[in-house]
Amino acid sequence: MSIEAKLAELGIDLPEAAAPVASYQPLVVSGSTAYISGQLPFVGGKLVTGKLGDTVMLEQGQEAARACGLMILAQLKAAGLLERVERVVKLGGFVASVPSFSDQPKVVNGCSDLMAEVFGEAGKHARSAVGVPVLPLDAAVEVDAIVALKP
Amino acid sequence: MSIEAKLAELGIDLPEAAAPVASYQPLVVSGSTAYISGQLPFVGGKLVTGKLGDTVMLEQGQEAARACGLMILAQLKAAGLLERVERVVKLGGFVASVPSFSDQPKVVNGCSDLMAEVFGEAGKHARSAVGVPVLPLDAAVEVDAIVALKP
Amino acid sequence: MSIEAKLAELGIDLPEAAAPVASYQPLVVSGSTAYISGQLPFVGGKLVTGKLGDTVMLEQGQEAARACGLMILAQLKAAGLLERVERVVKLGGFVASVPSFSDQPKVVNGCSDLMAEVFGEAGKHARSAVGVPVLPLDAAVEVDAIVALKP
């Protein structure tokens, strides 16, 4: 089954690939590896802002992380690479957090679980998840990715 | 000398490879490169928690970083890759820090020095080390790694 | 035109490549990829310290990010790789920030714009930019890089 068909089966409608908010590219291919820039969480076209442990609840954080993942998929699609994903290799999850909030892994699962749903075994990835005091535009979550491509 | 023999010579007993705390893999191989997920510091089976500059002293932070490194080695061993390490390419060190603590390099050396001890020249790596306000489960340090593998 | 000639044309004088502040290498090559360690911002030989949103203004932060970029170029030159840059693949920008400062993208542009100036199309990269509470030696900005090399 193609990834597009899988997305349709899951009822997932990808957002439009967001333009970079500064002087960089959303995705660069080097050899057979795609590096996707840190993606911010847009839900219903609106950026999810604020910090976990403050104004953003765990469930909202998870939804935000999933939205980052959808944007990673949208960037792959915009680059014509969605059907060439061989393996989601690594995700880097940054969670805007007050110093007492330590559930970053549960938050970033919103993105990780999406990759497993969409790509199955090929979606199982290495990951780091950390708290940060603040993200660009006050986003709640940012996720970047390394993806191996089929020839 | 094999790495296992080197570890024995150094008196290093690797911990059991920790299961991921969420929806990801501890290690993914892409081509000849292994990506190891961010590892947390277990000393005597107990997670080292707290922040540098607050309740965690420099020496404890260094020991925690070394523990992250031991877990990186444990993950390589669990994946059957310990003897195939060609080069430790890059470490990413995240140190839970209050805003006035700026000795992250000394902390992460706990991990870097371990790699040099165990792998010699092949253990010399590129690195980034940064402060973060908080880490998963309130861990004091998290380190992820990129490792080049022999065929 | 060689990169050295381009730098001369732009009036850019690279700093001396900084020695690592701890137990790691400034640059490691794996296959055809160079990983450059997180570089700190030296302007006029002096480290730019402090946090954005506190004592460091946006323009100073941008200059600091550019200084990190110059040090990335200096490390490539010191390794004899400056003329072998095929593509700047990925930059990781860490900006020391108070929790209310969310202009990390504008700060890290100081480094991104430099890469575009020096390398043209080959300088267009993927990127992540995040806030952190504190960096090594109280630096204002740290940037690491992944660079693809020509054979």
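How many residues does the contact take from chain B and how many from chain C? The contact takes 27 residues from chain B and 23 residues from chain C, where two residues are in contact if their C-beta atoms, placed from the backbone, lie within 7 Å. The model is a predicted one, in which local features need pLDDT of at least 70 and side-chain atom pairs count only at pLDDT 80 or more, while totals for chains, interfaces and linings use all residues. Residues are numbered from 1 along each chain as its sequence is written, and chains are lettered from A and ligands numbered from 1 in the order in which they are written.

On the side of chain B that touches chain C, strand 5 (85-96), helix 3 (104-119) and strand 6 (126-132) of chain B each supply at least two residues. Helices (H or I, at least four residues) and strands (E, at least two) are DSSP runs, numbered from the N terminus. Helix 3 of chain B gives the largest share of this side, with 8 residues. By class, the side holds 12 nonpolar, 9 polar and 6 charged residues; Ala, Val, Leu, Ile, Met, Phe, Trp, Tyr, Cys and Pro count as nonpolar, Asp, Glu, Lys and Arg as charged, and the others, Gly among them, as polar.

We can turn next to chain A. Here, 23 residues of chain A are in contact with 27 residues of chain C. Strand 1 (27-30), strand 2 (33-39), strand 5 (85-96) and strand 7 (141-149) of chain A each supply at least two residues of the side that touches chain C. The largest share, 4 residues, comes from strand 2 of chain A. This side of chain A divides into 14 nonpolar, 6 polar and 3 charged residues.

The arrangement of the copies comes next. Chain B is superposed on chain C by a rotation of 120° with 0.0 Å of shift along its axis (RMSD 0.0 Å), the superposition being by least squares on the C-alpha atoms of residues with pLDDT of at least 70 in both. That is the relation of a three-fold axis. In chain B, the C-alpha nearest the axis belongs to B:Val132, 3.2 Å from it. A rotation of 120° with 0.0 Å of shift along its axis likewise superposes chain A on chain C, with RMSD 0.0 Å. Only 9% of the interface residues of chain A are also interface residues in chain C, so these copies meet through different surfaces.

Within chain C, strand 7 (residues 141-149) is mostly covered, with 8 of its 9 residues buried. A residue is buried if 20 or more other C-beta atoms lie within 10 Å of its own, with C-beta atoms placed from the backbone. Strand 7 of chain C pairs in the antiparallel sense with strand 2 (residues 33-39) of chain C over 5 bridges, and two strands pair if DSSP finds at least two bridges between them. In this strand 7, C:Val143 is the bridge partner of C:Gln39. Strand 5 (residues 85-96) of chain C also pairs with strand 7 of chain C in the antiparallel sense, over 9 bridges, and C:Val95 stands opposite C:Val141.

Helix 3 (residues 104-119) of chain C is largely enclosed by the rest of the structure, because 13 of its 16 residues are buried. Helix 3 of chain C bends by about 40° at C:Gly110, the bend being the angle between axes fitted to the seven residues ending there and the seven starting there. After helix 3 of chain C comes C:Gly120, whose phi is positive, near 65°.

Terms used:
Buried ≥ 20, exposed ≤ 12 C-beta atoms within 10 Å, placed from the backbone.
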